[in-house]
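Subject: Handing over the model

Hi there,

Here is the structure I promised to pass on. Could you have a look at it when you get a moment?

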Amino acid sequence: MDAHHSRRDHILPTRFFKFILNTNLQKIKIPNKFTKIYGGGISNPVFLKPPDGTEWKVHWTKKNGEFWFEKGWKEFTENYSLYHGVLVMFKYEGTSHFDVNILDHSSLEIDYPSYHTCKEEQNLDHSVHESVRSPVPLASAQPSKKRKGEEATPTSLSMNWPRDPRAQVLAKKFVSKSHNPFFTKLIKPVNVVESSMSLPNMDGYFEKKNMNVTLEHGERSWKVKLLGSNNSACRRFSAGWCLFASESELQPGDVCIFELINREDVVFKVHVFKG
């Protein structure tokens with residue numbers, strides 16, 4: 001036993017990688033050589049730790065001497081919009097945690113929206129936090145009145161408050177044009193090449209669950225999946241977003257205002273202001 005533990009300690013930390021295939025989005029097999037050496041010491045569940053600071057609880061099962069990540073793995077793959085050809089690297093140091101890095105088909109590490117973009121979106125004006133907790137119904141939503149000499153600020157209709165000055169100006173102007181809730185996004189290079197886009201906090205508007213939504217722009221509409229896992233630092237548009245961005249000809253520097261025009265069917269009218 002001591003010799004066995006000494007061997008493990010000597011080679012830790014250890015790393016392995018797995019290519020994502022369409023067949024392992026629901027569950028994934030851990031390399032046999034790894035489980036042969038460390039299988040007896042792996043806790044159940046384990047925690048996957050990407051660089052965005054989140055932890056994902058995943059349970060493994062043993063079948064015919066092979067270890068599989070199963071319960072919780074699907075939620076992990078959906079949150080990061082993993083797809084065929086993506087590479088996931090695991091680093092194990094002998095604890096219940098695996099450090100995880102994700103590389104896309106270009107062999108570059110992905111931009112972790114829940115770490116970069118969500119922190120930006122969560123740096124909201126106080127009035128926005130209050131409005132998210134107590135959203136007004138679509139039918140009775142009215143823009144707030146501006147006091148004399150006071151700059152326009154986000155109202156209960158605005159789900160977020162962008163940092164970009166141009167996006168701020170457009171959001172302020174939109175307050176007086178619509179009685180519907182909306183959020184504003186500055187389109188960045190990553191948003192037009194990745195298969196997902198982070199969204200602001202929508203607590204109070206929707207439950208934290210995955211759902212299909214409709215994006216309308218011009219005379220066309222697109223079905224897009226909105227991920228709302230409780231494990232996620234924030235919500236994201238996933239499957240269908242890349243097609244929408246491409247066919248809407250979005251470019252870095254554009255500002256998009258997503259106006260919620262139908263809460264029951266979850267329909268957003270997208271207003272694009274070219275950069």
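Below is what I found, going from the whole chain down to single residues.

Before the details, please note that this is a predicted model, in which local features need pLDDT of at least 70 and side-chain atom pairs count only at pLDDT 80 or more, while totals for chains, interfaces and linings use all residues. Numbering starts from 1 along each chain as its sequence is written, and side-chain values use heavy atoms, with hydrogens and water left out.

**Overall picture**

The chain has 7 helices and 15 strands; helices (H or I, at least four residues) and strands (E, at least two) are DSSP runs, numbered from the N terminus. Of its 275 residues, 44% are buried. Here buried means under 20% relative accessible area, exposed over 50%, and partly exposed in between, with a 1.4 Å probe and protein chains only. The accessible surface of the chain is about 14400 Å², and carbon and sulfur atoms hold 50% of that; the areas come from the Shrake-Rupley method with a 1.4 Å probe, and for residues only the protein chains shown count as cover. Among contacts (heavy atoms within 4.5 Å) with a separation of 6 or more, 60% are between residues 24 or more positions apart.

**The cores**

A nonpolar core, as used here, is a set of buried Ala, Val, Leu, Ile, Met, Phe, Trp, Tyr and Cys residues joined through side-chain atoms within 4.5 Å. The largest one has 28 residues, and L48, F69, W73, F76, F90 and F98 touch the most other members. At least two residues of this core come from each of α2 (32-38), β3 (46-49), β4 (56-58), β6 (66-69), α3 (73-79), β7 (87-92) and β8 (97-103). Another core, of 25 residues, lies apart from it and includes M197, L215, C256 and L260. As general background, nonpolar side chains tend to be buried together in soluble globular proteins.

Leaving aside neighbours within four places in sequence, W73 is in contact with I20, N24, L25, Q26, K27, I28, L48, V58 and F90.

**Strands and sheets**

Two strands pair, in this account, if DSSP finds at least two bridges between them.

L226 sits in strand β12 (residues 220-227) and counts as buried because its relative accessible area is 0%. Its bridge partner in β13 is F237. Leaving aside neighbours within four places in sequence, the contacts of L226 include L199, M202, K209 and V213.

**Backbone details to check**

Most residues other than glycine have a negative phi, and most peptide bonds are trans.

- N44 and P45 are joined by a cis peptide bond, with omega about 10°; P45 is in the loop between α2 and β3.
- N64, in the loop between β5 (60-63) and β6, has a positive phi of about 55°. N64 counts as exposed because its relative accessibility is 82%.
- V266, in the loop between β14 and β15, has a positive phi near 55°. V266 counts as buried because its relative accessibility is 8%.

**Cysteines**

Searching the whole structure gives 0 disulfides, a disulfide being a pair of cysteine sulfur atoms within 2.5 Å. C242 counts as partly exposed, at 35% relative accessibility, whereas C256 is buried at 0%.
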